[in-house]
Amino acid sequence: MRRTKLDKWIKDTEALPELSREGLEALQLKRLNETLERAAARGGVYAGYPRQLRSLEELQTLPFTTPEQLSERSGGFLLISQGNVERVISGATSGTTGAGKRVFYTREDMEDTVGFFAAGISEMLSAGERCLIAFPFTGPFGLGDLIARAVEKLGAEPVKAGYGVSWGQLCTLVRDTRPRCYIGFPAALLGLGRMYGPGFPIERSLVSADACPEGLMEELEKLTGSKPFPHYGSRECGLGGAVTCPAHEGMHLRENHIIAEIVDAGGKRLPPGEYGELVISTVGLRAMPLLRYRTGDYTRFLPPCPCGGVTRRIDRVSRRGEGPSMEKLDEALFRLPGLVDCRAEFDGVLKISARALEPGLEGDIERAVSACFPGLPMKPSCSLCSMEDGPMYPGKRHVLKGEKPGGKETG
């Protein structure tokens with residue numbers, strides 16, 4: 001089996017004669033201490049932290065950074081002057097009513113992300129091929145633009161579909177350009193393939209930005225004839241964090257730039273194999289490195305990869321919260337052959353709105369959901385999906401929370 005290309009990218013990027021576990025951890029400690037020195041010199045949120053740690057084990061003595069802190073004091077995490085900021089990603093965090101998180105990047109931060117993206121994408125894309133990019137294009141150094149640059153870096157041609165257009169527009173674009181690869185949301189790929197019908201040309205896919213439940217992955221494999229390559233990323237880790245190799249068993253971490261931990265609810269580190277919250281220290285970022293940032297994402301470390309790679313792997317990533325899980329709903333519902341897309345809301349009753357190749361799937365939907373959530377009151381509806389329709393979520397899939405007694409809308 002071919003070794004993950006991420007390892008070669010790290011070796012070449014860091015000018016290492018070879019990549020070993022010991023060498024990678026020495027690099028992480030060096031970058032961690034450089035970050036601590038910079039933070040002490042700059043002031044801000046991390047000003048009172050020690051300037052040096054003797055080992056990576058000592059990292060767990062530092063406090064956690066929380067999403068709330070990042071929302072309230074984004075500027076306090078910045079370690080460079082505003083004039084050297086190339087890109088800012090802003091947005092309200094889910095479930096909060098205060099200021100949204102702002103994450104800052106230098107041009108070098110973004111170029112590193114392009115390199116990481118190219119390494120991951122190269123597992124499925126070859127020079128001369130076309131690749132459909134179904135993520136938003138928001139200008140220079142936006143997510144779509146970074147992916148397109150990575151595709152071009154590999155000598156391939158990006159087909160810039162964007163996100164939020166209709167199924168008809170997407171089908172026409174695919175019919176005209178005949179891309180063999182796809183990068184985008186997993187559920188949107190399945191919906192596109194089912195709306196397109198026979199002759200769908202996409203054979204390989206890198207899917208990201210959403211949970212990748214097993215049922216959905218199996219349906220994508222049936223659609224394209226190959227296993228998808230899941231990717232994990234977030235604005236806090238520079239958009240690119242971990243990516244799947246040809247073994248298709250977990251995702252290799254971008255460990256030259258990210259130190260990862262898995263912790264329990266009380267913040268205690270967990271050993272490999274145990275599920276907990278992913279905590280990241282982004283010591284490779286120049287503008288705004290974060291120390292022990294609690295992502296709110298849940299996963300576990302996997303054993304060494306069958307591909308022989310040095311980089312650690314994380315398992316499938318999920319979110320936790322009150323009410324039904326969208327991941328579990330997608331796991332069950334996308335196994336229904338005619339389903340194109342669905343949207344869920346919960347206010348004590350689970351309301352599922354679905355679009356399908358044929359209407360009338362309410363009974364199948366109710367049976368599938370009842371198997372996941374026995375006894376949960378629900379109200380399914382299903383309509384015929386048309387070419388004028390598009391994906392039912394503007395971004396990440398989640399259960400929308402409705403009105404609660406004595407409260408207000410929180411979704």
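Strands S5 (residues 181-184) and S6 (residues 204-207) run parallel and are joined by four bridges; strands are DSSP runs of E of at least two residues, helices are runs of H or I of at least four, and both are numbered from the N terminus. Across this pairing, Tyr182 stands opposite Ser205 in S6. The model is a predicted one, in which local features need pLDDT of at least 70 and side-chain atom pairs count only at pLDDT 80 or more, whereas totals for chains, interfaces and linings use all residues. Residues are numbered from 1 along each chain as its sequence is written, and side-chain values use heavy atoms, with hydrogens and water left out.

S5 and S6 belong to an open sheet of nine strands with mixed pairing, in the order S4-S3-S5-S6-S7-S8-S9-S14-S13; two strands pair if DSSP finds at least two bridges between them. Strand S4 (157-160) and strand S13 (301-302) form the edges, each pairing on one side only. Helix H4 (residues 107-121) packs on the sheet and touches S5, S6, strand S7 (229-232) and strand S8 (242-244), its direction making about 15° with that of S8. Contact here means heavy atoms within 4.5 Å, and angles, from 0 to 180 degrees, are taken between N-to-C directions of lines fitted to C-alpha atoms, for helices over the stretch in contact. Helix H7 (residues 186-196) lies across strand S3 (130-134), S5 and S6, at about 135° to S5.

An open sheet of four strands, S10-S11-S12-S15, shows antiparallel pairing. Its edge strands are S10 and strand S15 (318-319). Strand S12 (residues 293-299) pairs with S15 over two bridges, and Asp297 stands opposite Arg319 in S15.

Strand S10 (259-263) and helix H2 (21-42) each supply at least two residues of the lining of the second largest pocket. The largest share, five residues, comes from H2. Of the 19 lining residues, Leu56, Glu57, Ala260, Arg269 and Arg312 lie nearest the centre of the pocket. A pocket is an open set of points on a 1 Å grid over the protein atoms alone, where a 1.4 Å probe fits, with protein on both sides within 12 Å along at least five of seven lines; lining residues have an atom within 4 Å of a point.

Seven aromatic pairs are present. Among them, Tyr46 and Phe77 are edge-to-face, at 5.4 Å centre to centre with 75° between the planes; rings of Phe, Tyr and Trp (its six-membered ring) pair if their centres lie within 6.5 Å, and planes over 60 degrees apart count as edge-to-face.

Note on methods: Phe/Tyr/Trp six-rings, centres within 6.5 Å; stacked < 30°, edge-to-face > 60°.
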